Amino acid sequence: MRGYEDNTAFLGEWGPFQQTVFFLLCASTIPNGFSAFSIIFLGDSPPHHCFIPDSGNLSEAWRKAIIPIEVVNGQEEESKCSRYRLDVVRNLSALGYIPGLDVNLTGVEQECCVDGWSYSKDIYQSTIVTEFDLVCNDKWKQPFTSSVYFLGVLCGSFFSGQLSDRFGRKPVLFVTMAVQTLFTFVQVFSQSWEMFSVLFFIVGLGQISNYVAAFVLGTEILTATVRVLYVTLGVCLFFAFGYMMLPLLAFFIRDWRSLLLVMSVPGLVYIPLWWFIPESPRWLLSQGRGEEAEAILRDAARRNRVTAPEVIFEESEMNVCYEHYDLQGEEKPKPEEHHSPLDLLKTSNIRKMTLILALVWFTLSMGYFAISLNTSRLHGDPYVNCFISAAIEVPAYVISWLFLRYLPRRISASASMLLGGGALYFIQLVPPSLPSLSIALEMLGKFGMAIGTALMYAYTGELYPTVIRNTALGSCAMISRVGSILAPYIMTLSTYYKYLPYILLGSLLVLSAMAIPLLPESFGHPLPETIKQMHKQEWLKCSSLKRIRDHLNSPMKKPNDTRL
């Protein structure tokens, strides 16, 4: 029996049909970029202190002195959660006493912000922090809001694959895009933090579901080198473009409700795409709907101006469930060979590989989101910092694509994580007078993590055999979601020691980089189909370096698609 790609080779690789699918599916990931990081501006906490009623009858001197001064990270600043007792200060002001001269302020009793807070409007008109007073005793709700979103992403990761396998890639893509758009719009009308968080959970669920659906649909429709380009550069770059749009939108829209309203609009633009993006012919064949698959392929042939054969799939092929074939059109193991996540811990080699990859995926996800969500707290303009953080991903993804083509996986992945970890670790050595250098090192750290993340998707898929590859990728993705849920809390560790978050992340990245050489090398090896065919342990040695030199000196070849 011929493989799927043999049957559809008449279409070519890069005709108008493939170009339309490529760019429209990539474009569908743009809203995911600014949705994933919207909390940077929606939930930022502007400078604030206890509100002082105008009816307090205080002198100007007492009005300036009523907020206590605290030392935070070696610097003096106004207290955010307390003030001197208003009735006491009112009496002292009425008696004509001068604070600091007639009255020792350290002896004046303090109270919490019983009248609420006063927020600076120098940067934001409003955020959910100022709207729902998520400060002081409720400050824990700030990082928890982000974690709720990523919890929705985790749940969406569980259900999206099952839904698309049952109902099709295209319906799930558009339904979940509608869910993301609709609930982003409904968030505008949130009357409480609890309501906002529940809706944010659903937005996260829809966001990852349509991203995964678009990713799978593209890999199943596109073939050969175009598919490689799609999974390594296409969706990643367009996601980064959406991320870059976020600070531009937030710069002109300083109110959180208005920003959410504008973010929900692009979803309406994607409605007409229903008539331009087809269902996956592979999925239709797996469901026994061969005639619909042939109709899509004949339409593709018409758009590519090529002639389709009279019979695309033989009768025997039409009756075979194509889910028994992988994305390269190669035969999968028989359906009776069932495998579970426990197979990832079955033998010592697989167990060691799984534990190392779990550490790497967890570290990369936690570090990536912790640094990304921290941009509004860095020195300088939060909008510029966020834009730089997004733009740095573009060269990172290009470099990761080059690494995948020309360099062994262990060297490239380990080097990128050493770069990220070293940059973060050395932030503590930067003098306070050079905040720009600290920001540059933080962005360099994210640059390394972005490269590592892109590499690990491909590397993990190459290490595991076909029979447990999807299970392995799904398990690693789940572990990475746990890292993203914890990420919002990492930067809060700076309340104990300013550089603790960077030391922790840098140490984990260096540890992961040191563990990666313990994995087998997959560069230049065919994909294993069974557990017995898995690559044996191979340490870095001179022969590995020799293969690099030989590969770079050899004529340009097409990348081996089966490795992705």
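C50 and C113 form a disulfide (a pair of cysteine sulfur atoms within 2.5 Å), with their sulfur atoms 1.8 Å apart. C50 lies in strand 1 (residues 48-50) and C113 in the loop between strand 5 (110-112) and strand 6 (117-119), so the pair ties together parts 63 residues apart in sequence. Strands are DSSP runs of E, at least two residues; helices are runs of H or I, at least four; both are numbered from the N terminus. The link is left-handed, with -65 degrees about the S-S bond.

This is a predicted model: local features need pLDDT of at least 70, side-chain atom pairs count only at pLDDT 80 or more, and totals for chains, interfaces and linings use all residues. Residues are numbered from 1 along each chain as its sequence is written, and side-chain values use heavy atoms, without hydrogens and water.

The structure holds 2 disulfides. C81 and C136 form a disulfide too, their sulfur atoms 2.1 Å apart. C81 sits between strand 3 (75-78) and strand 4 (82-84), in the loop; C136 is in the loop between helix 7 (128-132) and helix 8 (141-167). In sequence order, the bonded cysteines pair 1-3, 2-4.

Now the helix. Helix 21 (residues 435-463) has 29 residues and reaches 41 Å from first C-alpha to last. The helix bends by about 30 degrees at M456, the angle between axes fitted to the seven residues ending there and the seven starting there. M456 is also in contact (heavy atoms within 4.5 Å) with L357.

Key:
Expected span 1.5 Å × (residues − 1). Lists of a residue's contacts leave out its neighbours within four places in sequence.
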